[in-house]
Amino acid sequence: MFTKTKFLSILLVTFIAVFSIHIYLKNNLTIPQVQVKKIVNIENTVKSLCDCQSQECQFSIEFIRTDHQGNAKVKGANYVLIFDPKSPKLDFKVSLALAHEIYAKDAKGRFRKEYIPKQFHEIIADENAKLNGKRPIAAINADYIDPENKPQGLNISRGIEYSGLFKDKRSSFGISGGTEERKATIQIGKRNEKILNYNLVGGNGRFYKDGIFKDICNDLGEYACKHETSRSMAAITSKGYVIFLVNNVETDGPLYPDKFDDVLEGISKNNCLGGIQEAMLFDGGFSTAFYYNNKIYVENFNPIGSVFLIYKTE
């Protein structure tokens with residue numbers, strides 16, 4: 001017969017058993033603690049573009065903003081475009097401020113070269129900016145312009161030359177023809193191999209050569225070094241990737257020539273792109289301009305000598 005006394009006895013035994021188990025677990029088991037890490041700066045937690053261990057990269061073109069150490073930052077002073085020139089998903093072209101259709105010829109069969117003042121937004125939107133009927137996905141200002149609106153450096157668009165007086169004196173950035181064998185180069189004057197002279201844009205101020213950095217402040221002069229601090233530049237890494245950078249805001253302070261290596265090496269290291277091998281400036285100051293994915297992020301007042309354009313083929 002189940003009595004009240006038996007019920008109380010069972011209840012007491014059960015309580016003692018549960019309590020004993022609780023004490024045992026508390027004293028003999030280590031329960032892992034779930035640590036919730038507070039993200040202080042979520043804008044710097046961008047995943048690397050390449051797998052640093054396998055050295056594999058699975059991208060064709062990417063846009064980020066960074067601080068002056070090359071760290072990703074939502075409102076960073078530097079607008080950065082990183083791309084693989086060998087990617088079959090990309091194609092390239094150079095455009096200029098022309099009064100006529102690019103590649104047009106006169107009655108004698110010579111290529112017409114009638115230049116007019118155009119700003120960046122006009123060059124990237126006119127008919128000459130199209131490639132196979134497509135608008136560019138990205139663009140950066142490149143060459144200097146002279147008082148008669150002519151480009152000054154070495155400019156070649158799809159094999160057709162539109163160069164100025166300093167084409168053999170200033171460094172230029174270029175991407176060869178072809179697809180998977182395409183190569184980015186920076187050097188003075190035309191390249192020895194014809195295929196390397198396919199798309200070139202004039203520029204100036206080469207500050208990386210064969211992997212060695214040089215502070216070009218003295219070469220630029222006092223004004224361009226210390227006062228005209230809006231910069232446009234191109235760099236090539238040891239793995240063949242290209243970095244375009246335009247600095248136009250001072251959220252991180254001015255970007256001076258002695259710090260060019262900090263920002264570029266930071267970008268390359270953070271994304272496992274290899275070391276910086278070659279780098280140069282494009283036209284700066286009131287000519288800097290940058291466009292990506294239907295948005296102009298930077299555009300200043302001056303007309304542009306030439307523009308380097310990037311297209312998606314898919």
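The model is predicted: local features need pLDDT of at least 70 and side-chain atom pairs count only at pLDDT 80 or more, while totals for chains, interfaces and linings use all residues. Residues are numbered from 1 along each chain as its sequence is written, and side-chain values use heavy atoms, with hydrogens and water left out.

**Exercise 1.** State where the pLDDT is below 50.

Step 1. pLDDT is the predictor's confidence in each residue, from 0 to 100. The chain averages 86, and 82% of the residues score at least 70.
Step 2. Residues 18-45 have a pLDDT below 50. Beyond near neighbours in sequence, the stretch has eight contacts in the model (heavy atoms within 4.5 Å).
Step 3. Where pLDDT is low, the predicted coordinates should not be read in detail.

**Exercise 2.** Find the edge strands of the open sheet of seven strands.

Step 1. Strands are DSSP runs (E, at least two residues), numbered from the N terminus; two of them pair if DSSP finds at least two bridges between them.
Step 2. The order is β3-β4-β15-β14-β16-β12-β13, with antiparallel pairing.
Step 3. β3 (61-66) and β13 (212-213) each have a single partner strand, so one side of each lacks a neighbour in the sheet.

**Exercise 3.** Describe how β4 joins β15.

Step 1. β4 covers residues 78-83 and β15 covers residues 242-247.
Step 2. The two strands run antiparallel and are joined by six bridges.
Step 3. Phe83 has Val242 in β15 as its bridge partner.

Definitions and conventions: Helix = DSSP H or I, 4+ residues; strand = E, 2+ residues; numbered from the N terminus.
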